[in-house]
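The structure is shown first.

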Amino acid sequence: MLALTDGEIAFLQKLGQIPFLPVARKASDMIPVYLEDDAYETQVYSLALQCLEKKMLIELDYHMPLKQFDYSAYSAYQLHGSMALTQRGQQILELAELEGISAE
């Protein structure tokens with residue numbers, strides 16, 4: 001059984017709508033940062049991203065920043081990258097939609 005928080009579900013749904021989103025982190029730590037939405041606090045998004053990556057539902061790639069994306073909001077973070085659903089993440093998202101599961 002796979003348990004997902006509201007923040008994780010919201011992020012999967014966001015990636016279902018926009019296939020690639022920006023992510024950043026400091027060179028000194030592995031904590032991902034997403035600043036494009038304020039529905040949740042930055043720390044909540046960071047934790048959700050870490051959990052989704054560990055559950056193999058998303059991939060965080062710091063070697064592939066988004067082309068044409070303005071990372072100026074992420075200037076405090078040295079590594080800029082992108083994130084996307086994995087195949088497993090896509091399957092879980094589709095299952096959640098079939099079951100009528102959404103973030104509250």
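## Salt bridge of Lys 55 and Glu 8

Lys 55 and Glu 8 form a salt bridge, with their closest N and O atoms 3.0 Å apart. A salt bridge here is a side-chain nitrogen of Lys or Arg within 4 Å of a carboxyl oxygen of Asp or Glu. Lys 55 lies in the loop between H2 and S2 and Glu 8 in helix H1, so the pair ties together parts 47 residues apart in sequence. Helices (H or I, at least four residues) and strands (E, at least two) are DSSP runs, numbered from the N terminus.

Glu 8 is buried at 1% relative accessibility, whereas Lys 55 is partly exposed at 21%. Buried means under 20% relative accessible area, exposed over 50%, and partly exposed in between (1.4 Å probe, protein chains only).

## Basis of the model

The model is predicted: local features need pLDDT of at least 70 and side-chain atom pairs pLDDT 80 or more, while totals for chains, interfaces and linings use all residues. Residues are numbered from 1 along each chain as its sequence is written, and side-chain values use heavy atoms, with hydrogens and water left out.

## Salt bridge of Asp 37 and Lys 14

The count of salt bridges comes to two. Asp 37 and Lys 14 also meet through their side chains in a salt bridge, at 2.7 Å from N to O. Asp 37 is in the loop between S1 and H2 and Lys 14 in helix H1, 23 residues apart.

## Contacts of Tyr 34

Leaving out residues up to four places away in sequence, Tyr 34 touches residues including Phe 11, Lys 14, Leu 49 and Met 83; contact means heavy atoms within 4.5 Å.
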